[in-house]
Amino acid sequence: MIPVQGKTSDRGIYIHIPFCIKKCSYCDFYSLPTESSAMFKRYVKAVQKELEFKAASLADTRAKTVYVGGGTPSILSGEELKNMMDAVRTYLDLDDNAEISLEANPATLDGDKLKAICEAGFNRISLGVQSFQDDDLHILGRSHNARDAVNTIKLIQDSGLSNYNLDLIYGIPGQTISKWEETLRIALELEPAHLSIYLLQLDENTPLAVDIRKGRFELLGEESEAQMYDMGIDMIKQGGFEQYEISNFVRPGYECQHNLIYWKAREYMGIGAGAVSFTDKRRYINKKDLNHYLGALENGRESEVEELESMKEKQELASDAIILGLRMCDGINLEQFDLRYGIKILDYYKDIIEKYVDRGLLNISKGQLMFTRRAYFISNEVLCHFTA
Amino acid sequence: MQDRIRNFSIIAHIDHGKSTLADRLLQVTGAISAREMREQYLDKMDLEREKGITIKLQPVRLKYKARDEKEYILNLIDTPGHVDFSYEVSRSLAACEGALLIVDASQGIEAQTLANVYMAMELNLEVIGVVNKIDLPGAEPEKVMQEMEDVLGIDHSEIIPISAKMGLGIEEVLEAIVNKTPAPVGDEKGPLQALIFDSYFDSYKGAISYIRVVAGEVQKGDMIKMMASGKQFEVSEIGVITPYMTEVQSLKAGEVGYLVAGIKNVIDTRVGDTITGARVPAPRALPGYQEVKPMVYCGLYPLENNDFEKLRDALDKLKLNDASLFYEPESSDALGFGFRCGFLGLLHLEIVRERLEREYDLSLMATAPVVVYRIQLTDGSEKDVQNPTHWPPAQKIQAVLEPYYKATIMVPHEYVGTIMELCQEKRGTYINMEYLTAQRVIITYKLPLAEILYDFFDLMKSRTKGYASLDYELSAYEISDLVKLDVMLNGEVIDALSFITHKDNSYQRARSIAQRLRKIIPRQMYEVIIQAAIGSKVIARENIKAMRKDVLAKCYGGDITRKKKLLEKQKEGKKRMKQIGHIEVPKDAFMSVMDIEKE
């Protein structure tokens with residue numbers, strides 16, 4: 001048994017909304033393009049049902065975070081979002097100070113929708129801006145332009161919701177260093193609470209990957225990508241943010257609590273078609289099949305799950321926690337890690353750690369094991385040695 | 001008795017259909033039933049069956065009732081179809097009175113086949129010509145028969161056209177063996193003389209010798225003596241192969257079979273040695289015995305340092321079955337502990353390496369193959385070097401000699417210029433050229449073995465669209481202007497990458513190796529500088545830029561399982577790398593010194 005720090009019953013809740021206006025060219029998440037409100041209603045009902053089913057097994061769970069992701073969850077109407085959150089409160093013990101996030105696409109928000117979102121109880125929005133350059137947005141196949149995004153952000157600010165994140169992507173075909181700089185400058189001027197910058201990474205089946213294979217577009221190459229990453233870190237930090245994860249930056253106090261649950265290898269329960277859960281040392285996923293999901297819940301059953309991995313040995317759990325934990329700039333607290341997994345990292349992984357400390361990629365300081373900044377962009381090189 | 005025995009060999013180029021003909025002979029004579037039949041029945045190694053190539057067939061004794069209504073015993077003794085094993089070819093031929101020469105009806109005679117036929121003729125074997133694969137669309141049996149007559153003097157009306165695959169002409173082949181091959185005429189009463197033409201190791205019985213009794217008789221319980229080594233053994237079993245091992249009471253002059261005598265190691269039953277009686281030994285051994293010496297050496301190192309003992313065990317076991325394999329422990333700064341191994345040639349090396357990896361589950365690194373150089377030192381002494389690491393410093397070298405081979409190349413006449421050009425490039429000396437027919441030419445050159453091993457064969461094949469064929473034999477050691485080329489990674493000499501090259505080629509070779517390493521060494525966390533140098537003089541340089549990106553930037557909950565799989569794969573990939581200092585070098589890099597122009 002693993003003694004978990006704090007209450008064993010603290011968990012995150014993830015709700016997956018597998019709908020979007022249209023598929024973006026780089027997206028490989030489980031999501032279907034539809035705007036059918038009848039479908040949305042059915043789906044929300046099914047989610048409510050699933051929450052009801054889970055209520056018993058989550059009886060001892062206190063939900064510290066709720067994260068509604070997708071897809072484009074903001075495609076749902078204010079009322080549907082409210083119904084869904086009501087069900088969360090009905091069936092789960094939701095902490096009073098819980099962080100409740102909604103992923104949103106600029107094309108789906110207006111003043112009324114934002115009002116409804118706040119009324120439903122959401123206190124954080126993660127906005128998929130991706131770029132403030134229309135050329136980039138076009139290649140990414142986004143359903144909004146740069147001006148939409150700026151307007152939407154202004155609306156969010158007007159709504160009084162201060163905790164919002166902007167997602168940005170770099171490494172887009174055709175993107176230049178100066179265009180990326182421009183995107184960052186606009187983002188910083190808007191003063192969000194949180195910024196995520198992700199390198200464009202393509203699953204081989206995405207339309208953009210196919211276009212690249214066919215020679216219609218070209219990726220930028222690792223030199224430019226690394227340069228963009230470095231520039232991103234420098235600019236965002238100068239803008240008053242603190243980097244707390246390889247790709248994430250924050251104004252003090254606005255760390256995304258839900259993401260921290262992932263990175264700290266804490267437990268979370270996934271709800272909805274294609275949602276991933278991590279409980280009882282197992283990671284598993286509700287089948288990525290909307291019809292199955294709806295059919296099951298409408299007939300009074302739970303969706304089938306597929307097991308992704310089951311970690312029987314403490315070494316496996318420890319390896320999992322290291323791979324996730326080193327993503328955080330603070331890294332891993334060695335003492336707490338030992339308490340939790342019964343593994344003294346510095347002894348158990350002595351050779352690896354010595355090797356990479358020696359090469360300036362790992363650092364041990366104040367009881368924490370962490371990456372050096374130099375290691376962030378080549379982190380897999382180190383992380384692969386920690387696989388179980 | 002002897003007048004009913006026919007001992008014959010098969011001479012064929014790889015792919016000309018030797019195994020298939022052997023399969024048909026087994027079937028037609030009823031040695032095995034249709035139910036027991038499988039393809040390439042007599043191929044001994046899985047490796048052979050898998051690659052579809054036959055190095056050597058197992059010997060077999062066939063019973064054949066000929067058209068004269070008499071029953072004959074036909075002993076098939078195969079010859080290995082590769083130049084690495086030409087000594088074994090000579091011993092197999094020496095055990096026979098006749099030889100079947102199989103030539104592919106669309107390919108014609110190849111250089112190596114020709115060499116083996118000449119060897120058979122020198123040993124006074126009756127050569128029976130067979131043209132195979134006459135059923136194939138590109139077959140030109142008439143042309144090939146004419147060629148065989150022109151080149152080898154085999155009357156073309158006596159050449160048998162067959163298709164082993166379709167089963168055409170098989171009986172004609174059997175009749176020809178009976179009617180043309182002379183029966184053995186050994187002295188049955190004289191002292192025992194039996195030629196060992198092959199041997200292998202059996203984990204229950206020990207070393208098993210395949211023998212041809214030339215004179216006298218051998219029985220179970222006899223004390224025998226190996227005439228080359230002088231060692232004595234007691235015969236515990238003798239028999240024939242039908243193709244099943246079948247015990248018999250005795251083997252007499254003219255017969256072929258196997259012999260078991262509690263011999264622990266194939267080294268004590270060497271191919272070419274003569275077995276005689278310990279009590280009444282023959283006055284002299286049969287002619288032609290040679291101790292085979294490795295011609296090519298390379299280092300074999302386990303990728304995992306702690307597999308050293310496992311590698312030693314595996315080599316010990318292979319050696320039981322392979323008297324020509326040589327090995328001794330050596331160490332390398334870059335690769336750790338391993339073995340310097342000697343082989344008859346590159347195919348032999350490749351087979352041993354592959355068997356070690358497959359049958360003994362080892363992951364190996366091989367250094368580039370080298371020949372044996374003879375170095376005359378300034379102090380008047382001489383030393384053999386088969387490892388570039390042991391090359392003496394330039395100021396101590398008086399002269400270096402390298403092995404030169406007489407290479408016989410058979411080629412259609414339109415490629416004569418191409419071949420001569422290639423031989424010149426490869427430091428060859430012209431010896432002779434002869435038109436076999438109006439179309440086919442034999443060109444003889446003296447070439448350094450090092451060049452033949454390096455890329456000569458591949459270049460010859462590619463520049464002649466595969467039409468040229470090659471045979472070679474040792475000619476002499478001669479003085480050459482050779483230098484040692486060192487390769488450095490970030491300033492450190494990587495001993496396992498050093499190689500010997502002719503001075504005139506050194507700049508080009510140095511550039512090629514540096515470029516090749518730049519391609520196969522992946523980007524590292526730091527820049528890697530590759531240099532090639534003679535002594536302290538750097539003559540080529542390349543650099544590999546530092547890795548900038550190796551990250552999955554987006555990583556949220558659900559993604560982690562997938563990401564972990566990618567990380568595991570990455571870790572697996574590192575297992576194929578050898579860590580040298582701070583640099584991860586793919587295990588195949590060490591062999592790549594050889595592959596420079598094979599891109």
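Over how many bridges do strand β18 and strand β19 of chain B pair? In this predicted model, residues are numbered from 1 along each chain as its sequence is written, and chains are lettered from A and ligands numbered from 1 in the order in which they are written. Local features need pLDDT of at least 70, side-chain atom pairs count only at pLDDT 80 or more, totals for chains, interfaces and linings use all residues, and side-chain values use heavy atoms, with hydrogens and water left out.

Strand β18 (residues 326-332) and strand β19 (residues 336-343) of chain B pair in the antiparallel sense over seven bridges. Helices (H or I, at least four residues) and strands (E, at least two) are DSSP runs numbered from the N terminus, and two strands pair if DSSP finds at least two bridges between them. A hairpin of three residues joins β18(B) to β19(B). Within this pairing, Glu330(B) stands opposite Gly338(B), and Pro329(B) stands opposite Phe339(B).

Both strands belong to an open sheet of four strands in chain B, with antiparallel pairing and the order β18-β19-β17-β20. The edge strands are β18 and β20 (364-366) of chain B, each of which pairs on one side only. On average, neighbouring strands of this sheet are turned by 30 degrees against each other, direction ignored. Helix α7 (residues 308-320) of chain B packs on the sheet and touches β17 (296-302), β18, β19 and β20 of chain B (contact means heavy atoms within 4.5 Å). The direction of α7(B) makes about 15 degrees with that of β19(B); axes are lines fitted to C-alpha atoms, for helices over the stretch in contact, and angles run from 0 to 180 degrees between N-to-C directions.

In chain A, an open sheet of three strands has the order β15-β17-β16, again with antiparallel pairing. Strands β15 (332-333) and β16 (362-365) of chain A stand at the edges with a single partner strand each, so one side of each has no neighbour in the sheet. β15(A) pairs with β17 (residues 368-371) of chain A over two bridges, and Ile332(A) stands opposite Leu369(A) in β17(A). Helix α14 (residues 350-358) of chain A packs on this sheet, touching β16 and β17 of chain A, and its direction makes about 100 degrees with that of β16(A).

Between the chains, 31 residues of chain B are in contact with 45 residues of chain A. The two chains bury about 3,700 Å² between them, 52% of it on carbon and sulfur atoms; buried area is the accessible area (1.4 Å probe) that two parts lose on being put together, summed over both. Nine salt bridges are found across this interface, a salt bridge being a side-chain nitrogen of Lys or Arg within 4 Å of a carboxyl oxygen of Asp or Glu. One of the salt bridges links Glu309(A) and Lys564(B), with the closest N and O atoms 2.8 Å apart. Helix α12 (residues 559-575) of chain B gives the most to the side of chain B that touches chain A, with 10 residues. Over all chains, the structure holds 64 salt bridges.
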